[in-house]
Amino acid sequence: MDSLRNPYTPNAGATPEIVAGRLEHTRAFEVLLQRLMRGRTEQSMIMTGLRGVGKTVLLNEFADLGRAARWEIVELEASKHDDGQFRQTMASLLRSALLQMSPRKRWGGRARQAAEVLTSFGMSVTQNGTWSVSWDVEPAEGLGDHGDLALDLTDVLVAVGRAAQDQERGVAILVDEVQFLRSAQLEALIQALHKTVQRKLPITFVGAGLPQIAELAGDAKSYAERLFRFPEIGSLDEDDAREALIRPAELEDATYSGEAVELALEITKGYPYFIQELGYQAWEIAPGPQITADDVDAAREGYLAKLDRSFFRVRLDRATALQTAYLRAMAELGPSAQKASDVARVLRRESTQLGPTRAELIDMGLLYTPEHGYAAFTVPDFDQFMLRAVPQLVIPEVRRRQRRETDGADA
Ligand SMILES: Nc1ncnc2c1ncn2[C@@H]1O[C@H](COP(=O)(O)OP(=O)(O)OP(=O)(O)O)[C@@H](O)[C@H]1O
Ligand SMILES: [Mg+2]
């Protein structure tokens, strides 16, 4: 059918024509905002799920809902290459939020106070106390400048929350790829929120990311359980998956045969990204206006090729030979979570030797640990991709240096 009218959105973060399912979560978010606005407390959430299940889409929905409720939305995507940018980024995002809520000319005492705390917070970014963002507001004395991220962020969120309250507004900080926040950063956010909740301020933080989030220590750990729910975002159930497939086509006056739907659901297993990609390819192939099982079947090859080329391949591109072998060995063992010792056995090594490799893969967001001693792929169907991409498992040689060390230890 006409490519111009293809209604599917197989792109990271692209809002689909129909956001299927997820009502439970959007409703929870609305309740959170409404309760905070009324000076009530409510658990916020950190949503976790595999790649391509729709976490970013959901956060974007939250942003829309928040804006519609006149909340100021601060969006941040955490990065594994954060080179000490967190404080700076937070400072400038919150500064914008403050200015959006109340322009400088109309600042009352609380807005001015928030601005001053932000200056202190932003200034401690650099050694020489300058903040690259131009903003001629004096720093607040003794607030936001302790040099401890948790204490400083607490001062900032309290001050911004109070300024928001003054305006009968709220501020929601939405953090995507939350697994890339450093422990200290996530802890700081949690500690700060612990304070704003006590003060019943209309400011909150919602996160989304891979199942592997930073390990928390001390108070932050116990606060986290009370301050957050940790909903798991997964593949869509059958009804929602059907809707995600059919409804976009219907908007363009096309339909699916019953068999076509069944086949598509079987191929995609209800994963949102896979549904978008298969729907997209089937649309391209089908003469229409009804998409048949034959069309879906014919679309399969293009669908897989596209997934391999983009969704899967990008994850593997930066992997070293040993990392690739590790992933391939896991695939050898199957799609589920694998024990570190089993993977090591396939690679004819000790698990301790492979510990660093495994840690690197977790760090890169390719693996996560569903339980102690196990690792699983963060990308659905990655095992099958690995078998296609690397048909033969090649066990890399133990590197020379390591061998010498081992020889030395033996001698
Ligand atoms: N509820 C939904 N209904 C239909 N399609 C969806 C839904 N949620 C997401 N999608 C589609 O799925 C794909 C992946 O969505 P998104 O990028 O939000 O996933 P993600 O969980 O953030 O993935 P990643 O972990 O890679 O960032 C996109 O193509 C999007 O259009
Ligand atoms: Mg995402």
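A: **The second largest pocket**

In this predicted model, 22 residues line the second largest pocket, and P211, Q212, I213, A214 and E215 are the ones nearest its centre. A pocket here is an open set of points on a 1 Å grid over the protein atoms alone, where a 1.4 Å probe fits and protein lies on both sides within 12 Å along at least five of seven lines; lining residues have an atom within 4 Å of a point. The elements giving two or more residues to this lining are α7 (218-227) and α14 (351-363), helices being DSSP runs of H or I with at least four residues, numbered from the N terminus. With three residues, α7 supplies the largest share of the lining.

The volume of the second largest pocket is about 730 Å³, that is, the space filled by probe spheres set on the points, with grid points joined across faces, edges and corners. Its lining divides into twelve nonpolar, four polar and six charged residues (Ala, Val, Leu, Ile, Met, Phe, Trp, Tyr, Cys and Pro count as nonpolar, Asp, Glu, Lys and Arg as charged, and the others, Gly among them, as polar).

The second largest pocket lies between domain 1 (23-229) and domain 3 (319-410), because both give residues to its lining; the domain bounds come from an automatic or database assignment.

For context, the largest pocket holds about 890 Å³ of space.

Residues are numbered from 1 along each chain as its sequence is written, and chains are lettered from A and ligands numbered from 1 in the order written. Local features need pLDDT of at least 70 and side-chain atom pairs count only at pLDDT 80 or more, while totals for chains, interfaces and linings use all residues; side-chain values use heavy atoms, leaving out hydrogens and water.
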